[in-house]
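This briefing is intended for a reader who is new to the structure shown here. Please keep the sequence and the model in view while reading the points that follow.

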Amino acid sequence: MKLNQLLENIPFENEKPIVDPEIKGLTDSSSEVEPGYIFIAITGYQSDGHSYITDAIKKGASAIIGEKDALECPIPYIKVQNSKKALGTVSAIYYQNPSHRKKMIGITGTNGKTTTSYMVKHVLEDIGYSCSLIGTIQNIVNGEKFETNNTTPNALRVNELLADSTDDVVIMEASSQGLAEYRLEGIEFDLCLFTNLSHEHLNYHGSLDNYFEAKKQLFYKLKHNGTAIINVDDFYGEKLAEELHQKGMNIYTFGESRNADLQMNELNLTHPYSVHLKENGEKFPVVSPIPGYHNLYNTTITYAAAKAFFGERQSIIDSLEKFPGVEGRFNIYRLPNGVTTVIDHAHTADAVLNCLQTASDSKTGRLVHVFGFKGQKDMDKRKEMIKISTEISDQYILTLDDLNNVPENEMIEHLYELQNEYGNDKGKIMKDRTLAIEEAIRLSEEGDWVAITGKGHQSYQQAYAYSVQSDKECLQLFLSKDTE
Ligand SMILES: CC(=O)N[C@H]1[C@@H](OP(=O)(O)OP(=O)(O)OC[C@H]2O[C@@H](n3ccc(=O)[nH]c3=O)[C@H](O)[C@@H]2O)O[C@H](CO)[C@@H](O)[C@@H]1O[C@H](C)C(=O)N[C@@H](C)C(=O)N[C@H](CCC(=O)O)C(=O)O
Ligand SMILES: Nc1ncnc2c1ncn2[C@@H]1O[C@H](COP(=O)(O)OP(=O)(O)OP(=O)(O)O)[C@@H](O)[C@H]1O
Ligand SMILES: N[C@H](CCC[C@H](N)C(=O)O)C(=O)O
């Protein structure tokens with residue numbers, strides 16, 4: 001593809017290049033530049049791509065896109081206002097707008113994106129579609145699994161994955177940071193799903209309203225005839241539905257709210273968790289494959305998405321019931337001594353509340369809770385999480401999560417501060433997560449539940465000297481059999 005063709009939709013701030021080289025590839029990483037590539041210089045959080053322009057030129061780059069003034073660049077230098085945005089635009093053009101050729105589903109919200117994406121994949125596959133998935137745990141394209149660092153990868157990677165996909169549908173988690181960082185620039189969706197919005201990532205967004213503004217952007221990426229599926233029991237979901245409705249966009253709402261298009265009634269909050277859905281005046285029961293009030297919402301949003309893909313009602317309901325669950329999302333393990341343990345990725349106050357409430361409703365004895373906080377993440381949510389644990393669990397053990405480069409002493413000190421201010425005398429602090437899990441089990445007896453939250457599927461602990469085991473590996477010692 002020629003440079004000028006690639007720059008078609010890019011408003012650049014300097015002179016149009018007079019040469020028009022053939023572009024053989026594109027990258028924002030100097031280490032990946034090959035002869036004929038265009039290098040997009042991005043100002044990141046750790047380093048600045050603009051400092052690698054000379055490197056990129058040495059490696060044979062044919063053109064550079066950047067947002068800073070270029071000093072004497074021997075190859076075309078295209079100055080743009082925002083390199084991250086430009087990366088999205090050129091990636092989409094280079095790969096010939098793969099999202100326009102696919103059925104695209106985007107899922108956003110504070111909690112439930114991963115669970116919903118796997119549920120939707122499961123049901124759509126059952127009703128005959130092949131699906132790619134891009135999300136927190138991994139990316140899956142044409143049945144092949146790829147590791148990922150981000151929930152929403154950068155724009156170049158997103159386009160590469162979409163272009164490689166020969167699947168009918170691509171299901172994507174859209175994180176608020178991903179949206180704010182233009183990782184979905186140039187991508188369009190057929191369906192956009194809104195699960196909920198609560199306190200999270202405020203260290204990044206500054207306020208809940210800014211966080212919502214970031215999430216909202218997903219819905220302005222809907223294709224002309226696309227539909228937004230929105231949880232209107234959520235305050236921000238209702239706000240979003242109102243705004244999109246006023247703009248004349250297609251929306252389909254769900255929730256317990258009387259105004260919802262798909263109404264949730266008669267929620268059964270004991271095993272088997274179920275809900276009666278009311279659609280066009282008809283009411284029918286749906287069983288949630290995973291326990292918990294919150295999973296009734298994930299089940300309902302999945303039903304709505306599958307209906308939008310012309311799924312037949314009973315087939316969707318049957319498929320949902322057979323959903324095997326998601327790694328690290330309310331995974332139950334029963335120990336030989338009659339103690340039930342649950343591993344869950346809850347890392348927001350709302351998620352902890354849902355997880356502990358579900359465990360508490362199921363226990364016949366006590367509930368012990370083991371949890372910690374990832375370093376460098378929103379610190380404000382920590383007190384809420386401790387307050388909830390103090391209220392619902394019978395005993396909690398605060399332990400280390402990923403330190404994420406925060407010095408261990410600093411994190412432990414903060415745990416003590418939080419414990420003193422918001423905890424109670426039932427709480428204790430044990431820095432070794434493996435020992436904390438062992439202690440929780442030691443403290444428990446038949447009928448008791450132990451909830452281990454925060455990490456879920458994650459099998460690594462960054463910069464953490466004590467344990468490199470996943471929560472599930474810690475449990476192995478105590479297990480007689482696998483997941484229930
Ligand atoms: C804070 C943040 O968003 N960081 C993202 C960002 O990294 P960065 O800004 O540190 O990048 P950098 O290392 O400074 O590099 C800047 C540029 O210089 C280039 N470079 C760098 C070095 C070099 O030798 N040559 C070179 O060209 C890099 O390729 C890059 O283009 O760009 C990277 C590549 O796209 C992302 O992987 C990385 O996400 C990190 C891992 C991250 O933790 N992000 C979090 C905040 C995040 O986005 N989380 C959400 C999910 C949240 C949730 O729901 O819990 C997500 O979508 O993942
Ligand atoms: N619909 C929901 N409402 C509230 N809490 C939920 C919901 N679904 C899941 N949760 C809770 O949130 C945790 C994370 O779920 P999930 O991974 O599906 O969400 P996510 O939005 O992908 O989160 P993240 O991207 O931050 O990992 C679960 O382990 C559970 O405790
Ligand atoms: N996707 C999130 C998950 C963090 C989970 C958790 N361990 C915490 O916040 O405490 C991240 O990697 O930032």
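In this predicted model, a polar side-chain atom of H345 lies 3.2 Å from an oxygen atom of ligand 2. H345 is also listed among the residues that surround ligand 3.

**Ligand 2**

- Around ligand 2 there are 19 residues, and those that come nearest are K113, T114, T115, R329 and D344.
- The side chain of R329 places an N or O atom 2.8 Å from an oxygen atom of ligand 2.
- A polar backbone atom of A346 is 3.5 Å from an oxygen atom of ligand 2.
- On its own, ligand 2 has 630 Å² of accessible area, and the protein covers 95% of it.

**Ligand 3**

- The surroundings of ligand 3 consist of H345, H347, K374, K377, K381, D401, G454 and Q458.
- By class, this shell holds four polar and four charged residues, and no nonpolar ones.
- G454 contributes through its backbone, where a polar atom is 2.9 Å from a nitrogen atom of ligand 3.
- Ligand 3 exposes 360 Å² when taken alone, of which the protein buries 85%.

- The protein chain is divided into domain 1 (3-94), domain 2 (98-321) and domain 3 (331-483).
- The centres of domain 2 and domain 3, taken over C-alpha atoms, are separated by 28 Å.
- In the contact between these two domains, 16 residues of domain 2 meet 16 residues of domain 3.
- The size of an interface is often given as the accessible area lost when the parts come together.
- For domain 2 and domain 3, the area buried between them is about 1,200 Å², with 50% of it on carbon and sulfur atoms.
- How many salt bridges are found across the interface of domain 2 and domain 3? The rule finds one.
- K381, one of the residues around ligand 3, forms a salt bridge with E200, in which the closest N and O atoms are 2.7 Å apart.
- Seven residue pairs are in polar contact across the interface of domain 2 and domain 3.

**Ligand 1**

- Ligand 1 is surrounded by 20 residues, the closest being D28, Y45, S47, N150 and S175.
- Which domains supply at least three residues each to the shell around ligand 1? They are domain 1 (3-94) and domain 2 (98-321).
- The classes represented in this shell are four nonpolar, 13 polar and three charged residues.
- The side chain of S175 has an N or O atom 2.6 Å from an oxygen atom of ligand 1.
- Backbone atoms also take part: a polar backbone atom of T151 is 2.7 Å from an oxygen atom of ligand 1, and a backbone N or O atom of T152 is 3.0 Å from an oxygen atom of ligand 1.
- Taken alone, ligand 1 exposes 1,100 Å², and the protein buries 70% of that area.

Technical notes:
Residues are numbered from 1 along each chain as its sequence is written. Chains are lettered from A and ligands numbered from 1 in the order in which they are written. This is a predicted model: local features need pLDDT of at least 70, side-chain atom pairs count only at pLDDT 80 or more; totals for chains, interfaces and linings use all residues. Side-chain values use heavy atoms; hydrogens and water are left out. A residue is near a molecule or strand if one of its heavy atoms lies within 4 Å of it. A polar contact is a pair of N or O atoms within 3.5 Å; within protein, one must be able to donate a hydrogen and the other to accept it, and residues adjacent in sequence count only if both atoms are side-chain atoms. Accessible areas come from the Shrake-Rupley method with a 1.4 Å probe; for residues, only the protein chains shown count as cover. Ala, Val, Leu, Ile, Met, Phe, Trp, Tyr, Cys and Pro count as nonpolar, Asp, Glu, Lys and Arg as charged, and the others, Gly among them, as polar. Domain bounds come from an automatic or database domain assignment. Contact means heavy atoms within 4.5 Å. Buried area is the accessible area (1.4 Å probe) that two parts lose on being put together, summed over both. A salt bridge is a side-chain nitrogen of Lys or Arg within 4 Å of a carboxyl oxygen of Asp or Glu.
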